[in-house]
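This report describes a single protein model from its computed geometry.

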Amino acid sequence: MTLRVSGEIFFASVNRFARAFQGEDRAGQVVIDVTAAHFWDISGVGALDKIVARLCRDGRDVEVVGYNRASADIVDRFALHDKTGVELGLAPH
């Protein structure tokens, strides 16, 4: 199942963004397409992290695709959903 996100995702829109993912189909594989969206701040990135974490806890395989360059930069810097233990400092040395 592909879920398409559009618009500006930032502190004032995160509640609406998160509500959009409630009651979705129970598909095993979920692609979140953010081609038509823009993440402005860490609030938006945090909301995406929570959505991906919840879907994964529900046993879904989740992939986020289509970041624009600026959104990809802020997601790369602040998101947790796309990190491994190495990036988080959790892997042994």
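This is a predicted model: local features need pLDDT of at least 70, side-chain atom pairs count only at pLDDT 80 or more; totals for chains, interfaces and linings use all residues.

Strands (E, at least two residues) and helices (H or I, at least four) are DSSP runs numbered from the N terminus, and two strands pair if DSSP finds at least two bridges between them.

β1 and β2 (residues 29-39) run parallel and are joined by 7 bridges; S6 stands opposite A36 in β2.

β2 and β3 pair in the parallel sense over 5 bridges, with Q29 opposite D61 in β3. In a regular strand the side chains alternate between the two faces of the sheet. The covered face of β3 has V62 and V64, and the uncovered one has D61, E63 and V65.

## Chain

The protein chain has 3 helices and 3 strands, and from the N terminus on its elements run β-α-β-α-β-α. Of its 93 residues, 37% count as buried (under 20% relative accessible area, with a 1.4 Å probe and protein chains only). Among contacts with a separation of 6 or more, 78% link residues 24 or more positions apart.

## Largest pocket

The largest pocket has a volume of about 200 Å³, taken as the space filled by probe spheres set on the grid points, which are joined across faces, edges and corners. A pocket is an open set of points on a 1 Å grid over the protein atoms alone, where a 1.4 Å probe fits, with protein on both sides within 12 Å along at least five of seven lines; lining residues have an atom within 4 Å of a point.

β1 gives the most to the lining, with 7 residues, while β1 and α1 (14-19) each supply at least two. The lining includes R4, E8, R16 and F17.

## Basis

Residues are numbered from 1 along each chain as its sequence is written, and side-chain values use heavy atoms, with hydrogens and water left out. Local features need pLDDT of at least 70 and side-chain atom pairs count only at pLDDT 80 or more, whereas totals for chains, interfaces and linings use all residues.

Definitions and conventions:
Buried means under 20% relative accessible area, exposed over 50%, partly exposed in between (1.4 Å probe, protein chains only). Contact means heavy atoms within 4.5 Å.
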